[in-house]
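The paragraphs below walk through a structure, taking up helix packing, loops and a sheet in turn. Keep the sequence and the coordinates at hand while reading.

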Amino acid sequence: MSISRRDFLRIAGFSTLFGLGAKAAFEMLAPGELEAKLAPNPKALTAQRWAMVVDMRKLDDQTAQRCIEACHRIHNVPDFGNPVNPEDQVNPQDQNRWEIKWLWKEKFEHAFPGQEQPYVAERLHKLNFLLLCNHCNNPPCVRVCPTKATWKREDGVVMMDQHRCIGCRYCMAACPYGARSFNWRNPRPFIKNENQTYPTREIGVVEKCTLCAERLAKGQLPACVEVSNGALTVGDLNDAKSKVRELLRANFTIRRKPQLGSNPQVYYIV
Amino acid sequence: MFEKALVGTKRYYGVLGFLLLLIGIGFFIYLKQLDFGLGITGMSRDVSWGFYIAQFTYLVGVAASAVMVVLPLYLHDYKAFGRIAILGEFLAVAAVTMCILFIVVDLGKPSRLFNVLLHPTPNSVLFWDMIVLNGYLLLNLICGWTVLQAERNEVPPPKWVKPFIYIAIPWAPSIHTVTAFLYAGLPGRGYWLTAIMAPRFLSSAFAAGPALLVLLCLLVRKYTKFDPGREQIQTLGKIVTYAILINVFFFFCEIFTVFYSQIPDHMMHFKYLFAGLEGKGQLVPWMWVSIVGMTLTAIFLVIPSVRKNENTLALACGLVVITTWIDKGLGLITGGFVPNPFDTITEYWPTIPEAFITLGVWAVGFLILTMLYKVAVSVKEEIRA
């Protein structure tokens with residue numbers, strides 16, 4: 001049964017008056033349906049502790065670019081260099097200042113500052129590392145947020161609620177990986193092809209990669225992983241038989257700034 | 001008692017009118033900011049806090065320094081400060097109000113401000129900052145107003161206000177300590193990751209606040225019939241001297257740790273601020289003026305003849321206010337973000353709209369200060385007459 005907006009608002013309004021709230025309206029209009037909708041999808045991908053392995057041997061530049069595009073397209077990440085209307089043109093300096101990125105490329109010395117050394121393999125310096133939120137085990141951003149707008153799920157995914165965020169940007173100061181972006185202005189005029197199934201953002205809130213929590217819930221792999229030709233792998237770190245554990249067992253991996261104690265959960269095979 | 005703030009000379013109304021004009025301009029531009037977003041400021045993905053938060057940080061110090069008047073008065077029974085305690089407390093009220101306003105104008109979603117109360121988060125230092133700031137505002141209003149009212153009625157202050165006065169004494173350093181902890185506990189920001197952040201904050205606060213108070217006392221003496229007193233100003237001058245000396249010492253402690261250890265993550269921020277990195281260093285001249293000026297002023301203030309002459313004292317206090325402002329209001333916040341976590345450099349400079357909003361908030365503070373001082377001075381003049 002479907003509920004008309006009008007019916008819902010009317011009954012929700014009355015039931016709120018009597019201190020019952022909107023849930024009561026659902027119960028009156030469509031008994032049982034709300035619980036059914038809240039139950040997890042049986043096909044959902046689950047893990048005790050999500051982690052990602054980036055295999056730099058398999059990640060060429062085109063693949064990396066494809067991952068970025070897939071991520072930014074489905075999440076409605078604005079591109080300030082490419083406005084919907086030409087009159088919204090933004091100068092390069094402001095594009096840089098306002099940039100929003102969930103997944104992006106960076107050279108070795110910028111991705112791993114302090115770990116670069118002279119005379120290291122030339123190959124390393126040519127690589128473009130794919131960076132994203134590290135979904136830390138001990139996330140500094142969660143620690144500092146004054147409204148719990150950013151929090152860590154049981155399965156390790158560090159989430160961001162753009163409707164709770166007050167825009168204080170404390171999490172941006174706390175994140176040692178520069179993984180968070182802020183909406184310095186309205187992003188909507190810079191989204192060429194809007195994905196109607198994912199919300200766009202408004203001015204004044206922080207956003208970041210959420211490991212495609214919305215896709216995991218539907219049983220799909222994160223968008224970047226899906227298009228990475230096997231260069232990116234997600235899986236359960238607590239499951240000894242998982243693909244990520246297999247990769248971690250068989251290869252030497254590095255992580256970004258592990259000495260800071262945030263315990264990042266994105267591993268790089270170099 | 002408040003009616004005294006509403007009657008005054010033409011010059012008094014002129015000052016209020018000018019401040020209201022600045023507030024109006026600031027407010028108008030703030031509406032623009034609400035509409036366009038914080039993109040009208042110079043802040044960026046890399047330098048995500050700027051001028052607003054820097055002013056807040058500086059003014060927390062000014063607010064905290066009221067304790068430098070209240071503490072000698074109530075804990076050491078230094079009676080001379082009874083004459084100016086109210087000036088310190090009202091300065092704190094104005095400064096804390098500015099602090100709170102600077103936080104509000106810095107929010108991306110000010111309409112959701114109350115989320116901080118709706119979802120209290122004790123693990124966030126910002127939560128505690130909100131508590132100590134609002135608490136301190138209330139304490140200073142209660143203590144200042146009640147004691148002044150008693151003074152006006154020429155009766156001793158009511159007994160119930162005593163506990164508030166004693167609570168306000170440790171509360172003052174707490175506001176600046178908590179503010180220092182906002183920065184000092186963040187991983188990956190080498191410039192801020194130092195245990196001496198809170199002590200440095202307090203030493204510069206106890207220099208800057210009393211220095212500002214010396215200047216305000218001199219102004220009050222010049223433009224009203226109330227004289228805060230030579231002894232009072234001299235004692236404040238001594239407080240400024242010791243505090244600024246300690247502040248310079250703390251700065252060099254920091255320099256030693258950072259440069260003797262040679263750890264790049266900690267050195268690069270100082271290098272950016274004092275020498276520039278990759279050809280970028282717009283703060284370099286400012287930082288040198290700040291530290292050289294601060295050191296020279298500290299040495300200068302030690303000389304008794306300089307301190308005893310009110311003209312040179314005023315000059316030195318002006319320099320203390322300016323050099324500590326550069327240190328906190330410009331260098332501290334930007335220096336913490338540059339270089340960014342990728343070791344690359346995005347510079348920051350406030351934009352014109354940002355500067356006008358900042359000026360507007362300062363004008364709100366000075367409006368409150370002027371009106372409260374008007375009340376205090378009128379009462380003092382009244383009882384003398």
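This is a predicted model: local features need pLDDT of at least 70, side-chain atom pairs count only at pLDDT 80 or more; totals for chains, interfaces and linings use all residues.

The crossing of the two helices is left-handed. On the α6(B) side the contact is made by W145(B), L148(B), E151(B) and R152(B), and on the α14(B) side by L372(B), V375(B), A376(B), V379(B), K380(B), E382(B) and I383(B). Sorted by class, the residues of this contact are 7 nonpolar and 4 charged, with no polar ones.

Helix α14(B) also packs with helix α2 (residues 51-64) of chain B, at an angle of about 25° and with the axes 10 Å apart. This angle makes α2(B) roughly parallel to α14(B). Here the crossing is right-handed. From α2(B), the residues F51(B), Y52(B), Q55(B), Y58(B) and L59(B) meet E354(B), I357(B), T358(B) and W362(B) of α14(B). The contact of α2(B) with α14(B) has 6 nonpolar, 2 polar and 1 charged residues.

Helix α2(B) has a further partner in α13(B); the axes of these two lie 8 Å apart, and the packing angle is about 140°. That value makes α2(B) oblique to α13(B). The crossing of α2(B) and α13(B) is right-handed. Contributing to the contact from α2(B) are F51(B), I53(B), A54(B), Q55(B), T57(B), Y58(B) and G61(B), while α13(B) supplies V321(B), T324(B), W325(B), K328(B), G329(B), L330(B), L332(B) and I333(B). Class by class, this contact of α2(B) with α13(B) comprises 9 nonpolar, 5 polar and 1 charged residues.

Two backbone details sit in the loops of chain B. V338(B) and P339(B) are joined by a cis peptide bond, with omega at about -5°. P339(B) belongs to the loop between α13 (310-337) and α14 of chain B. The other detail concerns D77(B), which has a positive phi of about 55° although it is not a glycine. D77(B) is placed in the loop between α3 (67-75) and α4 (85-106) of chain B.

As a whole, chain B contains 14 helices and 0 strands. How does its extent compare with that of a compact globule? For 385 residues a compact globule would have a radius of gyration near 21 Å, and the 21 Å of chain B agrees with this. The C-alpha trace of chain B spans about 65 × 50 × 40 Å along its principal axes.

Strands of a sheet pair through backbone hydrogen bonds, either parallel or antiparallel. In chain A, 4 strands form an open sheet in the order β8-β1-β10-β9, with mixed pairing. Its edge strands are β8 (232-236) and β9 (253-254) of chain A, each of which pairs on one side only. Strand β1 (residues 50-55) and strand β10 (residues 266-269) of chain A run parallel and are joined by 4 bridges. V54(A) has Y268(A) of β10(A) as its bridge partner. Across β1, β8, β9 and β10 of chain A lies helix α12 (residues 243-250) of chain A, which runs at about 110° to β8(A).

Technical notes:
Residues are numbered from 1 along each chain as its sequence is written. Chains are lettered from A and ligands numbered from 1 in the order in which they are written. Side-chain values use heavy atoms; hydrogens and water are left out. A crossing is left-handed if the near helix is turned anticlockwise from the far one by less than a right angle, and right-handed if clockwise. Contact means heavy atoms within 4.5 Å. Ala, Val, Leu, Ile, Met, Phe, Trp, Tyr, Cys and Pro count as nonpolar, Asp, Glu, Lys and Arg as charged, and the others, Gly among them, as polar. Two strands pair if DSSP finds at least two bridges between them. Axes are lines fitted to C-alpha atoms, for helices over the stretch in contact, and angles run from 0 to 180 degrees between N-to-C directions. The radius of gyration is taken over C-alpha atoms; the globule rule is 2.2 Å times the number of residues to the power 0.38. Angles under 35 degrees count as roughly parallel, over 145 as roughly antiparallel, 65 to 115 as roughly perpendicular and the rest as oblique.
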